[in-house]
Structures are given as structure tokens and as C-alpha cells.
Amino acid sequence: MTVLYTPNVALLPGYVDALKRGWSPDNLRPAVAAEQLQAIEHDADAFLKRQTDLAGDGPPVTLPDGSQVSRLPSFRRWIVKDGFAGTIGLRWQPGTEDLPPTCLGHVGYAVVPWRRREGLATAALKELLPDARALGLGHLDVTAACDNQPSQRVIENAGGRFIEDFEAVAQLGGGLHKLYRIPL
Ligand SMILES: CC(C)(COP(=O)(O)OP(=O)(O)OC[C@H]1O[C@@H](n2cnc3c(N)ncnc32)[C@H](O)[C@@H]1OP(=O)(O)O)[C@@H](O)C(=O)NCCC(=O)NCCS
């Protein structure tokens, strides 16, 4: 079952509809929904192109405390099955599996509230793994907040092995998280 698609014009209305319903693809920063609606209205093609940034030369990333860090190479895919259902993104540093402390893992994902518990996040993370392997990464570090059991199950379902609990940096709002590693 294929659920991942490169963001494109044909799928854009479903994405816009989800944003208008108040869903944010960024779990830590709900304001992203309004920012993206504005960007799409301004220049939809440029917005779609920015969803793939293999060189990491896009604009800086704004963190939950308002500070900014430079963007890592990344790409996003849309999770689609009988309509738009969510997003998953991969970010990495070339030549290493290490990540800066302001980046909570290689992967971020979010499923719209009205499509949860259909196995879509699990299918999306599994489908992303060959792409990560093709980049030369030996493993993925994936994190979930300690109180986010659904996300922890998603990672475990995709082969994640628990490594340790850690405290996120203050710029991300802190909080206890679980670090998992998925061998590729
Ligand atoms: C976490 C999230 C992506 C899961 O998406 P999903 O498509 O519903 O996940 P799946 O259907 O693949 O379910 C994965 C597992 O979580 C369980 N699960 C999902 N929602 C659950 C809930 N509300 N309560 C308890 N378990 C839940 C499922 O039963 C499944 O477990 P199983 O394999 O033991 O049956 C989704 O809840 C979400 O978008 N949450 C907000 C954003 C977020 O937290 N992103 C992750 C940041 S690390």
C-alpha cells in the first residue's frame, strides 16, 4: 500500500482544506498552519518546491521559542489514502547520523485528527525507510514525547529500538522525550 506522495498541485486542495480546518503539520508550532496558507496563496508553486530541500538552503527554521536555526537538508511527503491524511518529513546532516540538539530526530510526522488510528502514520514511517537508506544513512533517530504513546507505537511498529529518555532543549520547550533508533 503506497501512502506517500511528493507534494504536488493535484493534491494541494486536500492539504489546504486540512490547514483551513485548523490542523498544523508542525506539532510544536500551531501558527505554521496560518503561515503556510499565506505562503500557498502567495505562490503555490514555490511552496510546493520548498517541500523538497535536499541542499538545506531554504529559509531558517523558527523554533517554538521564536529563535531561528539554519535549515538542514530535508524533504516532506504527504500521506494520502482516499484523500489527504497527513505529512511526514525527513531531515539529516550530510555524511553523519548526528543531529543538532534543536532537531528532535530525523523524522517528523502528523496525521489529521479525523484520519487517526487507521495505521497511516505507521505505514508512512515504514515507507520512508528505503528513501532514508538511499541517502546513505545507517540508522534513523526518531523521538516521541514521553506522554505521546501513539507516536511511540508508530516508531516501535516501524522497527524502532528504545535508546533513552532525554530532556529536549529549552528552545523546543523542554519536556521529557524518548529516543528510538531504527537501523536501516
Ligand atoms: C502520533 C500520530 C502521528 C499517530 O498517527 P496514526 O495514523 O493515528 O497512527 P497509527 O494509526 O499508525 O497507530 C499507531 C499505533 O498507535 C496507536 N494509537 C493511535 N492513536 C492512539 C490513541 N489516541 N490512543 C492510544 N493508542 C493510539 C494505534 O493503536 C497503533 O498501535 P498498535 O500498533 O499497538 O495498534 C497522530 O496521533 C498525530 O498526528 N498526533 C499529533 C502529532 C504527533 O504527535 N506527531 C508525532 C510527533 S513525535
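1. A quick definition before anything else: a residue counts as buried here if 20 or more other C-beta atoms lie within 10 Å of its own. By that cut-off, 27% of the 184 residues of the protein are buried. Keep in mind that this is a predicted model.

2. On the overall make-up, the protein has 5 helices and 10 strands. Its radius of gyration is 16 Å, close to the 16 Å that the globule rule gives for 184 residues, so the protein is as compact as a globular protein of that length. If you want a box for it, the C-alpha atoms fill roughly 40 × 35 × 30 Å along the principal axes.

3. Now for a helix pair. Two packed helices are described by the angle between their axes and the distance between the axes. For helix H1 (residues 12–20) and helix H2 (residues 32–42), the axes come within 9 Å and cross at roughly 140°. Angles over 145 degrees would count as roughly antiparallel, and H1 and H2 are therefore oblique to each other. The handedness of the H1 and H2 crossing is left-handed.

4. Which residues make that contact? From H1 come Val16, Leu19 and Lys20, and from H2 come Ala33, Gln36, Leu37 and Ile40. Sorted by class, the contact of H1 with H2 has 5 nonpolar residues, 1 polar and 1 charged.

Notes
Residues numbered from 1 in each chain as written. Predicted model: local features only at pLDDT ≥ 70, side-chain atom pairs only at ≥ 80, totals over all residues. Helix = DSSP H or I, 4+ residues; strand = E, 2+ residues; numbered from the N terminus. Rg over C-alpha atoms; globule rule 2.2 N^0.38 Å. Buried ≥ 20, exposed ≤ 12 C-beta atoms within 10 Å, placed from the backbone. Axes fitted to C-alpha atoms, helices over the stretch in contact; angles between N-to-C directions. Parallel < 35°, antiparallel > 145°, perpendicular 65-115°, else oblique. Left-handed = near helix turned anticlockwise from the far one by under 90°. Contact = placed C-beta atoms within 7 Å. Nonpolar A, V, L, I, M, F, W, Y, C, P; charged D, E, K, R; others polar.
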